Structure formats: structure tokens, C-alpha cells
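Please keep the sequence and the structure in view while reading.

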Amino acid sequence: MRQIDHFISGGAGSTGTGRKHQIWNPSTGEVQAEVALGDASLLARAVEAAKKVQPEWAATNPQRRARVMFKFKQLIEDNMQELAELLSSEHGKVVDDAKGDVQRGLEVIEFACGIPQASKGEYTTSAGPGIDVFSMRQPLGIGAGITPFNFPAMIPMWMFGMAIAAGNAFILKPSERDPSVPMRLAELFLEAGAPEGLLQVVHGDKEMVDAILDHPDIAAISFVGSSDIAQYIYERGAANHKRVQAFGGAKNHGIVMPDADLDQVVNDLSGAAFGSAGERCMALPVVVPVGEETAERLKEKLIPAINALRVGVSSDPDAHYGPVVTPEHKARIESWIDTAEKEGAEVVIDGRGFTLQGHEDGFFVGPTLLDHVTPDMESYKEEIFGPVLQIVRAKDFEEALRLPSEHQYGNGVCIFTRNGHAAREFAARVNVGMVGINVPIPVPVSYHSFGGWKRSGFGDIDQYGMEGLRFWTKSKKVTQRWPDGGGDGSNAFLIPTMG
Ligand code: NAD
């Protein structure tokens, strides 16, 4: 059985609990590897290694730091196929989708290559008589990232790309469900010329997370995962005087106005609701047609499109989506469909009990369409995180605007319309962090920043872009005056001249 160890100071380093976590191959239902779970003593070793290397890295000029990022970017591109296949074999998403996962992380590395420009401070001359003011951004020291299973390449790179470029050392605690790609990223980062100990990977569950939250030498924590845990991380990390950003779950709505291009909407929903088996925090699992007529027309077009989706193993190049991550998650999704049915939703297309011929033990869930879902249903209020699309009918624009605005989550939302005024009004008023206008998955590009609202995001600084740089640095402001010396007009401090 393949064993996955921690990555401490540039090499493997098991100590600690002796406990292990099984890594599935979701397409076959077999256990393919085991990952070691660490504890506080293992973390302490990683922190000591980080402390040794971080001051020198912070003092390294930004163009040299950028060179490591450039080299890392090249290595990822060279290894894209291997990374994507490894990712897809543990996560279950199809290989093309896995390449997208790597690519979106890589884009943040590309942004981090611009660290010399991004980290320049501000300067004002003669802010008072003989007084100049300048500000600079200094690294925090050691940062940590705790990441979810669903983007095992992208989210770690969002975090460590910015943190390390800014001069910090970084300790990553990836999801214990698919840890191999984060490990490969750490190896490639070393190969790119980073010093040992700058990027380390510790594996574990709550025990390791608590050790990170309590370690006095970890200055900042970035978390992405489910909301209850995000809140816990935020509160305990902040109580320990750390800077914390913690991003949580989501239930993103797609509002369909009567004038929308419904063929385009159906095409977009096929990807946004079912791609990656719905295991995306920016998926679109709720569609809100405005008006009964829009709802009926949309449903009529959705049914054949959903029935045509092909579910397959993650290596199947023709599959629309693959299995979900674990057998527990498959059971959880199916139980949400049971709940929705009991609550009175109409199960239009039922993905429960789906099996893939030849892969009967894989964790597949068929595409599911639920209609007449209402805001009081638990299956609407909570995140399902599977290939399940819910139709919530709204009578008019105001009701459609209220649904995502009043939902506990506020990650992403999209409005489909041809009416510029409606779109503009919606974007201005909706109580959600990331808005798409005819863009179903509005993940901002790497030079903007990413962050949801309400229970989708605790803390007030976003991921990546200039916000990422702000998160991983503190600003220092210097006000200076240089006296001219004598006071007798003789200019005691002579200004050196050339030659
Ligand atoms: P999860 O919350 O189960 O795990 C996330 C991390 O927390 C993992 O590293 C895990 O080891 C750790 N963890 C798990 N239980 C813990 C506990 N009791 N105490 C401390 N740490 C614990 O999330 P997941 O299932 O891996 O990922 C899916 C979730 O992440 C979904 O809710 C999804 O919406 C969310 N997500 C959000 C975003 C975003 O940007 N808002 C992005 C991706 C995923």
C-alpha cells in the first residue's frame, strides 16, 4: 500500500500519532494509499524548520523570490498531466477538470511572480517641512493553510503562492482525503529553488488543526472548508491573536429572468451544477426561474440535457463528471435527496442508487433534478455538495433577489438576463460576495480577489490578488525628518558630491 508521509524541511518526516487515514480511489471504491496523521510534536518540528529559514527568505530581494515562482510555474506546466491524473485518481473529478484545478492555482502563482511590483510601498515627499512619509509591507513570519478536499491543487496555491512570495514561510495542512497533489507541489517548489523548510506539508485531522490554531509562532491562518469548521477556526485562531481568514460552504443561486437565453442557461447549468459532481463551492445548485412560464420552459429544456449527462470514471475522457469523493459523501448526498422528497420537493430526475456498469463499487451519484423546492426546506437551506440541481420558483425579480440575499451562505450568485438594468440592479443589491452576470461560475481572476460573505466567509480579507498580499503582510508606516545639521547656516552634514 502506498504510504504518504509529511513533508518536513524538504523530506519525509513521520512522528506523532501513528494514526493513518485511508485514501480511496473513488472510481473503483478501493483504498489506494494511506496518509500519516500528525500531531503537535510533528507541527513543532515543522515550525522550528520554518523559523530557521524564514528571516533569510524575507531578506531576499523580491526579484529573487519571484524567480523561484517563475521556475515553479514552469515545473507545474511541465508536470501538468501527471498532477492532473494524480489529483483525479484521489478526488474523482475527471482529468480535464483536474487540469483546471491546477491551472486556476497556477494563475495565482503567475500573479505572485509579480511580487516586486505588487509589494512596492507608497511614498510621499514633503508631507510637512522636511518630512517624508513612506509605508512598506512586511511579512508576518510563519503562515499556515488548512484546505478542503475539493480543490487540492488550486486552494493550496492560492494560499502559499501569495504567502511565500511576500516573504513568509508556510505550513500547509491539506485535506486528508486527497493529499498527494499538495505533496507533489511541495516537492516541485523545492526543485524550483526554494530553501528547505520554506514550504512544508503536515497531514492530519482535528488534532493537527488544533495544534496549528494553538501554536504561538504561527502568525496567520487561511482556511477553506465547511462553515461550522470555518467558524471554529476563525474564533479559536483569533482568540489566539492570529490573523485568520476562513471561507466556508455555499449554496449559490442562478436567477433566470424571463428574457434570458434559455438554451445558454441550460448549457451553463450542465457545467455549473453537475461539473465535478457538484463538489465545488462555486457550483450553481439552485436555479430560480422568475415567473411560472419561465419555470416551465426551463424545466422542459433541462430534463433532456440532464438525462444526456454522462457519468464515468475519472479517467474517462468523455465523462461529464466522475464519482464523489468518499462512500460517506455519496450516502450523505443521497440522504439529502430523501429529505427533499420528504419535505415535498418533486424528484424530477432521481440520481439515487446509480451504479456504473463495470464499476459497481465506485462512489457515483446520478444527476438529480428537484423541482418545487421552497425556502423553508432543510434541503434548500443546507449545502448538498453533489450533482443535485434544485428549482426554486420565484414570482418576480424582487423575490428572486431576496432568496440568495437572505440565504445563510453568500459565496456566489448569477443572474441570467438580456436586460442591463435588471442585471445592474441585481449586482448592486444582492447580499452575496461574488456576482456573475450571464457568467455561471464567477470566480474572479487571480489579479482580483476571491471571497464570499455571510457564512461563506469569516474575516474581512479576501484570498489572492492584492487582498492576498494584504493578508500575508503587515503594513509599516514611517515618518522621517533628516535635520540639516548646524543651524548656523554652515550645513554641518555635507552632502557628498561625485568625483
Ligand atoms: P471540511 O470542512 O470537512 O475540511 C476542511 C479542512 O478542515 C480539512 O483540511 C480537514 O482536515 C479539516 N477539518 C475537518 N474536520 C475538522 C474539525 N472537526 N476540526 C478542525 N479541522 C477539521 O471541508 P471539505 O469537505 O474538505 O470541503 C468541502 C467544503 O469546503 C464545502 O463546504 C465547500 O463549500 C467548502 N469550500 C469552500 C470554498 C470557499 O472558498 N468558500 C472553497 C472550496 C470548498
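## The second largest cavity

Arg-104, Glu-107, Val-108, Trp-158, Val-443, Pro-444, Val-445, Ser-446 and Tyr-464 line the second largest cavity. On a 1 Å grid over the protein atoms alone, a cavity is a set of points where a 1.4 Å probe fits but cannot get out, and lining residues have an atom within 4 Å of a point. This cavity holds about 50 Å³ of space, where a volume is the space filled by probe spheres set on the grid points, which are joined across faces, edges and corners. Helix α4 (residues 95-112) gives the largest share of the lining, 3 residues. Helices (H or I, at least four residues) and strands (E, at least two) are DSSP runs, numbered from the N terminus.

By class, the lining has 6 nonpolar, 1 polar and 2 charged residues. Ala, Val, Leu, Ile, Met, Phe, Trp, Tyr, Cys and Pro count as nonpolar, Asp, Glu, Lys and Arg as charged, and the others, Gly among them, as polar.

## Basis of the model

The model is predicted: local features need pLDDT of at least 70, side-chain atom pairs count only at pLDDT 80 or more, and totals for chains, interfaces and linings use all residues. Residues are numbered from 1 along each chain as its sequence is written, and side-chain values use heavy atoms, with hydrogens and water left out.

## The largest cavity

The structure contains 2 cavities of 30 Å³ or more. The largest cavity has about 110 Å³ of space. Its lining consists of 14 residues, and Ala-250, Gly-278, Pro-285, Glu-383 and Phe-385 are the closest to its centre. Sorted by class, this lining has 7 nonpolar, 4 polar and 3 charged residues.

## The second largest pocket

A pocket, by contrast, is an open set of grid points with protein on both sides within 12 Å along at least five of seven lines. The second largest pocket contains about 330 Å³ of space. Among its 22 lining residues, Asp-97, Arg-104, Phe-151, Arg-280 and Ile-441 lie nearest its centre. Arg-104 is also one of the residues that line the second largest cavity.

At least two residues of this pocket lining come from each of α4, α6 and α10 (262-274). The largest share, 4 residues, is that of α4. The lining as a whole has 11 nonpolar, 6 polar and 5 charged residues.

## The largest pocket

The volume of the largest pocket is about 950 Å³. Of its 43 lining residues, Arg-177, Phe-223, Gly-225, Ser-226 and Ile-229 are the closest to its centre. Two or more lining residues come from each of α6 (154-165), α8, β11, α9 (227-239) and α12 (327-342), and α9 gives the largest share, 5 residues. The classes in this lining are 18 nonpolar, 13 polar and 12 charged residues.

## The ligand in its pocket

The ligand has 29 residues around it, of which Lys-173, Glu-176, Ser-226, Gly-248 and Glu-383 come nearest; a residue is near a molecule if one of its heavy atoms lies within 4 Å of it. By class, the shell has 14 nonpolar, 10 polar and 5 charged residues.
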